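I opened the model to look up its pockets and its ligand site. My entries follow in the order I made them.

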Amino acid sequence: MAIVQSFAQDFRPNYHYTPPKNWVNDPNGLVYLDGEYHLFYQYNPFGDKWGHMSWGHAVSKDLIKWETLPLALPEIQNGDGSTTMIFSGCVVVDSFNTSGLFKAGFKKGLIAVFTSHVSKPGQDLAQHQSLAYSSDKGRTWKYFDKNPVLDIGLTNFRDPNVIWWPSEKKWIMTVVKPLEYIVQFYSSKDLKKWTFMSEFGKQGDMTKIWECPSLVKIPIVNTAETKWVLMISSGHRQAGYLAMQYFVGDFDGNSFKPQKQNEVFYVDEGKDFYAAVPFYNLPKNQKNPIIIGWTNDWEYANDIPAPDGYRGGFSVARKLSLYKTGNTYKLQQQPIISEKLTKEELFLSPGYSLNSKLGEKTANSYALSLDINLGTSKGFDLELLKTAEHYLKLRYDVASNMLSLDRINSGKTDFHQRFPSVESVKVMPEKNKLRLDILVDRTLVEVYVNGGKVVLTDLVFPERLKTVEVLKWRE
Ligand code: FRU
């Protein structure tokens, strides 16, 4: 039976997707088909810690309300005592039946391209890329009988993301060698036989391994132009944590050439945004890619509180564009939810308005849009989810132009020593103003600054539901 997300639990976000129970990590196979957005995800059907990796499944018509469907791709028990876990990957629509896996003329076949991770207890044996296919909009799947389709003999080679290249009628796979900081590009006519084209890497942030790469074409705001962006899940500005970096450049169907970049660009500056990938097959009028990320950090992911029986969840869907600054292009992200800000959509409790005045909140689940005119102040402290003892602090300091999100005193933090933390990022005011669009959803906060030119996403575990917000000017 399908389960519609409920409002009853205390810490469960309302307008962010979380599974009914158990563990989740990366979003997988984001794909749009026939009015439905699909979110597949790394899922442990047997517990609330990482393990038995399989693909869970949820669908949505508006990217806000999600319905959980039965498990899509289960872990496989092999005859020889090994198991194949279904690691991260993507789903494409094989509208020309290039794979030959569907009935002639069928245009709506879905193909999942995922990493097959083979192991025995205590021993990783292989990672290679494999296929599964579905003729009923992702409700039921068959594993391809000649898996794997791409094996280069490594135990670390994963997270395929596939796009269609119409001019040459070929598929292009972006996949990563995590320990070598190398992204590889392969091509195929039928998704079954893959040929190496080129590789890119050994630059940017190499403080952690590289995972979940994706290559996507993004419009530049106020122009008719586009650029290619290569996103990679990797290290954070702060040692030890995880984040996503991106390179902007050109892609000619064969290889990726980055623009000159003197610094690392991060998709999100918070601690809890990882493994985001774009939707495949968005409606034609939707030119801007849309991504969803996993809102957790491997640094402490298995230890976050799970009072409601699930552990981990996802960001809201974000629309991507590029804007020009100096000689470079940078990402701008807009939460899809901001286009639908009505009380009903956001499950706001009665009495709350959106471009909200600061004040008491009982549901801890709302959106707050603030245009903060800095005047001649030295900055401000915005205390979110505030109770008598605790708050999540967003501080802006005019002299250094540093914006920081501080969850050291935000509530429950003692489950892992690396959880209490502060992140800081330079943000220039625009016309002496900072625009903040803040999504507060019980245990998850997404802060979009200046129209999403900087974004910070953090988990937080306030100990009470009734909280207020307070803005204090720093004189
Ligand atoms: C990223 C990741 C992927 C892998 C999956 C396994 O979070 O490590 O590289 O495919 O999770 O669950």
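**Pockets and ligand shell**

I began with the second largest pocket, which holds about 440 Å³ of space. I took a pocket as an open set of points on a 1 Å grid over the protein atoms alone, where a 1.4 Å probe fits and protein lies on both sides within 12 Å along at least five of seven lines; lining residues have an atom within 4 Å of a point. The volume is the space filled by probe spheres set on the points, with points joined across faces, edges and corners.

I noted that this is a predicted model, with pLDDT of at least 70 needed for local features and 80 or more for side-chain atom pairs, while totals for chains, interfaces and linings use all residues. Numbering runs from 1 along each chain as its sequence is written, and side-chain values use heavy atoms, without hydrogens or water.

I listed the lining of the second largest pocket: 24 residues, with Tyr-323, Lys-330, Lys-426, Lys-453 and Val-454 closest to its centre. By class I found 13 nonpolar, 3 polar and 8 charged residues. Here Ala, Val, Leu, Ile, Met, Phe, Trp, Tyr, Cys and Pro are nonpolar, Asp, Glu, Lys and Arg are charged, and the others, Gly among them, are polar. Strand E24 (328–335) gives the most to this lining, with 3 residues. Strands are DSSP runs of at least two residues, numbered from the N terminus.

I then turned to the largest pocket, with a volume of about 990 Å³. Its lining has 34 residues, and those closest to the centre are Trp-164, Lys-217, Tyr-280, Asn-281 and Leu-282. By class, I recorded 23 nonpolar, 8 polar and 3 charged residues there. E2, E7 and E11 are among the strands that each supply at least two residues of this lining.

Next I checked the ligand. E2 (22–33), E7 (83–93) and E11 (158–165) each supply at least two residues of its shell as well. The shell includes Asn-25, Asp-26, Phe-87, Ser-88, Arg-158 and Asp-159, and by class it has 5 nonpolar, 3 polar and 4 charged residues.

I looked up polar contacts, pairs of N or O atoms within 3.5 Å. For the side chain of Glu-211, the distance from an N or O atom to a ligand oxygen is 2.7 Å. The ligand alone exposes 320 Å², of which the protein buries 96%; areas are Shrake-Rupley values with a 1.4 Å probe.

How values were computed:
Near = heavy atom within 4 Å. Polar contact = N/O pair within 3.5 Å; in protein donor to acceptor, adjacent residues only side chain to side chain. Helix = DSSP H or I, 4+ residues; strand = E, 2+ residues; numbered from the N terminus.
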